[in-house]
Amino acid sequence: MKKVLVSGKVEGIVLKSENPINFLGTVDKKTGIISDKNHDLFEKSVKDTILVFPSGVGSSVGAYTIYSIKSNNTAPLAMICQKADLTVATGCALANIPLITISDEEFSSIKNGMNLSFDTDSSNQIHYQ
Amino acid sequence: MELTREEESALKGEQGEILQMAYRILVATGEATDAEKLVPIEWAHLSGVNYNTIGDAGEEFLSGISKNARVKVKTTLNPMGFDIDNVSNYGLNENFISKQLSIKNSYETMGVIPSFSCIPYEIYDIPKNGTQVAFAESNAAIHANSFDNLKTNKESAFSALASAIIGKSPYSSLRKEDNPNITIRMKVKNPNELTYGMLGFFAGKIGDTSVNISGLGEMDKRQTKAMCGGMGTSGTCAKFIFGEGDSDCEKIDFDEKEMQNVHDELNTAEKGDLITLGSPQLGLDEISDLAGKLKGRSFQKRCMVFLPRTVKEQARKIGYTNELERAGCEILSDCCTCLSPLISKDNVDAVTTNSIKGAFYLKNSNGVGVNLKSLSQIVEDETR
C-alpha cells in the first residue's frame, strides 16, 4: 500500500470498478446499490465488500453518502483507491471505513471476487488471492 | 504525516469519539494532500449549512455530533436556505424549514457563531498577516489567501469542521509557500464586476492550487469579490498571486475571445423574470452604492438582494433598507443566491444576475436560465 488514509484491519471479497465513483447520486444510500446505468458496477451492491476503484469524483457532499451507507449497514468493509481524493477520504474518515491507496501495478493485479486482507497497524502489505 | 504523542492518543480514541473522528478526518485529509504535520489555526469558517445541499444525511450527522462536539477556535458559518424573517413569503415546505432549523440549532450548540454569511472577510476583523485559518467557503478561502494575507487551503465542509473542533489543520499546499507555474494576463479593457467574475471563472479552470495574475487595475470590493466567487466555482484553485510570476511561467491571456467563451457557457437566456444580487452576499459598501443607484427609480420586476444579517441591521439603521424596499427589492439575510431553495424552475424560467458564481449554480443546480448583466446595466434596463 502507498498511503493509509483511514487505518484498520479487514478481510473480504473484492468488488472492483475500473470507473471512478461519484458517491453523491450514484450509490443508493439505503441499499448500497450502484444506481448509475453508465457505471460498470450498475446494480451491484457495495455492502460488505472490499471496494476497489481508481478514485472518487464529484461533489464533496458525497462524503455524507458514505456516512449514510455506513449508518444503514450497507457500506463496504474497506475501500482501496489508486489516488486519494478528499471526498472519499473525508467520507471514510467520518464513517470509520479503512481506506488505503495502492500502486498502479497492484491495482491491475487485484481482480473482482478475490479474497483480500490487510491490517494497517501490523504491516503495509495487502494479501490477496 | 507526523503526529505528536497527544495527537496519536486522540486518534486512537483515548480522548473520546468526537475527537477521534475529527482527527481521523484531519489525518485522511492530510495524507491525501501530503501534509507533514498539523498546525494551529485561529479561525474556521464552515460550509455544509444549507439543508438544500447537505440533506437528511447532513442534518442527522450534525444533530448526532452536536451532543458532544464543541468548537475550539472562533468558528463562523456559511449561509443557510432562507431568512426566517420572511420565509413565509416563499412557500417553502414545513419539512425544509424544520430540518434547516435543526441544522442551525446543531451548529449553535457546538459553539459556532451563527453568521450565515459567505463573506466572513468583510464582516469580521482580519487577523494579522500570515495567520493560519480554515475556510471551507471557496470565495472566502480565495479572498483570504489573495487579499487578506491569511493562509488556508480550500477546505471541505468536513476538514473545516474537524479543524474547528481540534483547532488545527493539515500543513500542506497553500498553507506553505506556493509557486504557480501559470500566469494569467488580463487583457480585457474597461472591466466591470461581471468581467472580473468571468476572469476568476477562467482562472479557476486553468489553475490547480494557485495562479499568478497580471494586468489588473484598481479594483473595488464588488470586483474583487466577483473574481474570487468566479474562481471558486470552476475548479480547485484557491489563490491569486499578483504579478507576472517567474519568466518560465506559462503565460495565458484572458482576452475578449476567452471572455466570450465563459459568457456563452453561463449566459443561457435573453432576459430574466427575476433579478438576484448577491453571490457572494453584498457588504455595506455595495448596499450603500445600490441605494444611491436606485434613488428615484424602481424595479419593474422582482429583485432579491442577499446580504449578511449584520449588514442588514447596519443598513436598516442608516436607512438603506427602506430605500431598497421602496425601489422594490426583497431583502434577504442569512441566505444567498447560490444553491437557494427560494428560486425554482416551477415559477421562474430565467434569472438576471451580475454574479458568475450565482449563474453557475442557478444554471446547474436550480435548473433555470441565466441572463448575465453588470449591475449598472441591470439598473439601466430593469428600473424606471
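Author: From the N terminus on, chain A of this predicted model runs β-β-α-β-α-β-α-β-α-β-β. That gives 4 helices and 7 strands. Along the principal axes, its C-alpha trace spans about 35 × 25 × 25 Å. Buried residues account for 42% of the 129 in chain A. Take the contacts in chain A with a separation of 6 or more: 71% of them link residues 24 or more positions apart.

A:Val88 sits in helix H3, which covers residues 86-95 of chain A. Is A:Val88 buried or exposed? A:Val88 has 29 other C-beta atoms within 10 Å. The cut-off for a buried residue is 20 or more. A:Val88 is therefore buried. Which residues does A:Val88 touch, leaving aside its neighbours within four places in sequence? They are A:Ser55, A:Gly56, A:Met79, A:Cys81 and A:Leu99. Consider A:Ser55. In sequence, A:Ser55 and A:Val88 are 33 residues apart. In space, their C-alpha atoms are 7.8 Å apart.

Now the partner. Chain B holds 15 helices and 14 strands. For its 384 residues, a compact globule would have a radius of gyration near 21 Å. Chain B has 21 Å, which agrees. The C-alpha atoms of chain B fill a box of roughly 65 × 55 × 35 Å, taken along the principal axes. In chain B, 55% of the 384 residues are buried. Of the contacts in chain B between residues at least 6 apart in sequence, 80% join residues at least 24 apart.

That leaves the interface. On it, 22 residues of chain A are in contact with 16 residues of chain B. Which helices of chain B each supply at least two residues to the side that touches chain A? They are H2 (17-32), H3 (51-65) and H7 (157-166) of chain B. H2(B) gives the most, with 7 residues. By class, this side of chain B has 9 nonpolar, 5 polar and 2 charged residues.

Technical notes:
Residues numbered from 1 in each chain as written. Chains lettered and ligands numbered in written order. Predicted model: local features only at pLDDT ≥ 70, side-chain atom pairs only at ≥ 80, totals over all residues. Contact = placed C-beta atoms within 7 Å. Nonpolar A, V, L, I, M, F, W, Y, C, P; charged D, E, K, R; others polar. Buried ≥ 20, exposed ≤ 12 C-beta atoms within 10 Å, placed from the backbone. Rg over C-alpha atoms; globule rule 2.2 N^0.38 Å.
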